[in-house]
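Subject: Structure handover

Hello,

Here is the structure for you to look through. Some notes on what was found in it follow below.

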Amino acid sequence: MIRMLDIGLSFIGLLLSFPIMLLLLIIGFFDTGSPLFIQQRVGRNKKAFSLVKFRTMEVTAASVATHLANASEITRFGRFLRKTKLDELPQLWNVLIGDMSMVGPRPCLFNQEELIDERERRGVLGLRPGITGLAQVSGIDMSTPKLLAETDARMQQNFNLVSYFKYILMTVLGKGSGDRVPTKD
C-alpha cells in the first residue's frame with residue numbers, strides 16, 4: 001500500500017513540479033555551473049543508491065554529513081533552496097524508482113558508521129530511506145546518531161497510513177529543522 005502511494009505521489013509530484021524544477025535547474029546552472037548534486041547514500045538493507053538533489057553548496061564543497069558541512073560554502077541560491085526545501089524535489093525521482101520512500105529514515109553516507117551501526121542494531125536499515133520522517137519533523141539531525149536511530153525505530157514501530165500523511169504534511173508546512181548545516185554565531 002505504501003509503495004503504491006509512493007509511486008502515485010512521486011509521479012504526480014514530478015509532473016506538477018516539472019516547470020519549477022526546470023526553472024531551478026536553469027538558475028542552478030548559473031549559480032554553480034552544476035545544478036544537480038548526486039551522492040552515494042545508504043539505502044534499504046545497506047544497499048548503495050544515488051541520491052539526487054539540487055546543489056546548494058559550491059561544487060568544491062567536501063562531501064560530508066550535513067552537520068559537518070561548512071556553512072560558508074552554501075551559495076545564496078542554495079540558502080533559498082534549503083529554506084524552502086526545494087532542493088529535495090529531485091528526490092521524487094528516487095522515490096518513483098524505489099530507492100526511497102516519501103517517509104522513512106533520512107539516508108546517510110557510508111562513512112557515518114556510528115549511525116549505520118545504531119540503525120542496524122534497531123532494525124531500521126530494513127526500511128526504504130525517506131525524504132522526510134519523524135526525526136526531520138522533530139528537528140533531529142544526523143549529529144546525534146543514537147537519538148536519530150532511536151527516533152527512526154520509534155517511527156517504524158508506530159508507522160501507519162495516518163503517520164505517513166502526517167509527516168508529509170508537516171514537512172510541506174515547514175515543520176522541523178533536521179539535516180541543517182550549522183551556522184557560525
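Which residue just after α4 takes a positive phi? Gly123 does, with a phi of about 75°.

This is a predicted model, where local features need pLDDT of at least 70, side-chain atom pairs count only at pLDDT 80 or more, and totals for chains, interfaces and linings use all residues. Residues are numbered from 1 along each chain as its sequence is written, and side-chain values use heavy atoms, with hydrogens and water left out.

Helix α4 covers residues 113-121 (helices are DSSP runs of H or I, at least four residues; strands are runs of E, at least two; both are numbered from the N terminus). Its buried residues are Leu115, Ile116, Glu118 and Arg119 (buried means under 20% relative accessible area, exposed over 50%, partly exposed in between, with a 1.4 Å probe and protein chains only). Seen down the axis of α4, these fall within an arc of 165°, so they line one face of the helix (the arc is that of the directions from the helix axis to the C-beta atoms). Glu113, Glu114 and Arg121, on the other side of α4, are exposed. The cover over the buried residues of α4 includes β1 (36-42) and α6 (145-157) (contact means heavy atoms within 4.5 Å).

β1 runs antiparallel to β2, and seven bridges join them (two strands pair if DSSP finds at least two bridges between them). Leu36 has Phe54 in β2 as its bridge partner. The two strands form a hairpin with five residues between them, and Asn45 in the turn has a positive phi of about 60°. Five of the seven residues of β2 are buried, so β2 is largely enclosed by the rest of the structure.

Regards
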